[in-house]
There are 2 protein chains.
Amino acid sequence: MAELEKGPTGRRRGRGARERILGASQQLFREQGINRTGMDQLCAAAQVSKRTAYQHFTGKDELVAEYLRRFDPSVLSDVFDRTDLTPRERLLAAFDVPPNAPLCPFIAAAVELHDPEHPGSRYAREYKMAVAARLADTAREAGATDPEQLGEQLALLIDGAAARTRVLDADAFPTAAAIAAVLIDNAIPAAVGDDHPREAVSS
Amino acid sequence: MAELEKGPTGRRRGRGARERILGASQQLFREQGINRTGMDQLCAAAQVSKRTAYQHFTGKDELVAEYLRRFDPSVLSDVFDRTDLTPRERLLAAFDVPPNAPLCPFIAAAVELHDPEHPGSRYAREYKMAVAARLADTAREAGATDPEQLGEQLALLIDGAAARTRVLDADAFPTAAAIAAVLIDNAIPAAVGDDHPREAVSS
DNA sequence: CGGTAGGCACACAGATCGGTGTACATAACA
DNA sequence: TGTTATGTACACCGATCTGTGTGCCTACCG
């Protein structure tokens, strides 16, 4: 008999509570923001009693931090681990956000939490730095002269596109991708021209 | 006798209430964020009774919108109206934010208010579009081949620097300025080399 | 002098917030 | 069988939020 399904009165044992809470967080925090989502509403959406939620997380702060940690796989790995693309294509693929824009939750969290020492803010910082680092790694792989600089530049473009998309309510990633293409071509000495080769600046 | 100073019991008549409220908003909304600043605290900081505040503004929403409208002079005009700079220098001057980073309140407002139809969000959008337009104007003045595109690109860089500065707690504007310099040089056909001339892409 | 407008102090309403306390029910394990 | 986790339902706490209602007070103006 299924041991992780509900009993007659509404039990859902078997390790599912945490996951449901975090799943509801993913949806509600992103749709409504962190501060505008109360624990009552969140627990109702997760079909979890509030008491249980506070047995899994010491407080909302910890829940928020955990919620942010659930973005790594879909954002970092999916883009950088593709072996079917050249390094240069991988750098550009970071700007191909699907139309249903997830709209970077880390910037939102940093603004909403507003305390740089909040665990969520800390993790947002770590994440952004990790993205820049991975971009730099890929830039190095692509043969950029200054990979760290290019990585930081591309990271800034991504954040700019995210922020601008949020404020203007219009997709700004194509613009960012266009800038990225220019920067990448300028940063790679012997440009393996993909579509429009351009001579690099002569020292 | 001064007619806009306080009386013995704490009166401060003479047209000063609105200004003090908005002044306190400037400080508190920026330091603490909009949602984390209650009307009680704000009125106390403005030395204004809560009753008076709600006679000047129909609600917090209107106050927030008014608060955002007080940024124009210091951000838009100061940079673009400088006649002692060449158009190209003016474009780059937009990235010279003073060390005491004001840290773009429009992005913060768009995130915190979270409702695109909130008057504050509306104005944030208008403002960002106005900045891009002024950048485009200056780009046209500088002789860019596609001023609108360059304006949008530079606006994205500014937003990216602001967002990244906020998340990482480290000044990202120099990086943005470096990218801007590249874009500007690439966008102006006959580059009037300021320090490191570079040949434009040959059609 | 008296009227009026603008402001103050303060209590309060209603809602929502994060977080707990309590008593009860179920499943797994002994 | 009984014990122990794990979870539920629900009331509740204190704090804080936006926003009002009320009464008084004082500066200005005629």
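Visitor: Is A:Asp169 buried or exposed?
Guide: A:Asp169 counts as exposed, at 54% relative accessibility, where exposed means over 50% relative accessible area, buried under 20%, and partly exposed in between, using a 1.4 Å probe and protein chains only. Please bear in mind that this is a predicted model, in which local features need pLDDT of at least 70, side-chain atom pairs count only at pLDDT 80 or more, and totals for chains, interfaces and linings use all residues. Residues are numbered from 1 along each chain as its sequence is written, chains are lettered from A and ligands numbered from 1 in the order in which they are written, and side-chain values use heavy atoms, leaving out hydrogens and water.

Visitor: Where does A:Asp169 sit, and what is its phi?
Guide: A:Asp169 belongs to the loop between H9 and H10 of chain A, and its phi is positive, about 60°, although the residue is not a glycine. Helices here are DSSP runs of H or I with at least four residues, strands are runs of E with at least two, and both are numbered from the N terminus.

Visitor: How far does H9 reach?
Guide: Helix H9 of chain A, residues 147–168, has 22 residues and spans 31 Å from its first C-alpha to its last, close to the 32 Å expected, a figure that comes from 1.5 Å times one less than the number of residues. Because 18 of the 22 residues of H9(A) are buried, the helix is largely enclosed by the rest of the structure.

Visitor: And what about A:Asp185, which contact does its side chain make?
Guide: The side chain of A:Asp185 is joined to that of A:Arg88 by a polar contact of 3.1 Å; such a contact is a pair of N or O atoms within 3.5 Å, where within protein one must be able to donate a hydrogen and the other to accept it, and residues adjacent in sequence count only if both atoms are side-chain atoms. A:Asp185 lies in helix H10, residues 173–187 of chain A, and it is buried, with a relative accessible area of 7%.

Visitor: Changing topic, how many helices and strands does chain A have?
Guide: Chain A has 10 helices and 0 strands, and buried residues make up 47% of its 203 residues.

Visitor: Which part carries a DNA-binding annotation?
Guide: An unreviewed UniProt entry gives the annotation "DNA-binding region" to residues 38–57 of chain A; positions follow the numbering used here, feature names are shortened, and annotations may be inferred rather than shown by experiment. In the model that span is 75% helix and 0% strand, with its end C-alpha atoms 15 Å apart. A:Gln47, in the loop between helix H2 (39–46) and helix H3 (50–56), has a positive phi near 55°.

Visitor: How many residues of the two chains touch?
Guide: In chain A, 45 residues are in contact with 45 residues of chain B, contact meaning heavy atoms within 4.5 Å. Since 100% of the interface residues of chain A are also interface residues in chain B, the copies meet through the same surface.
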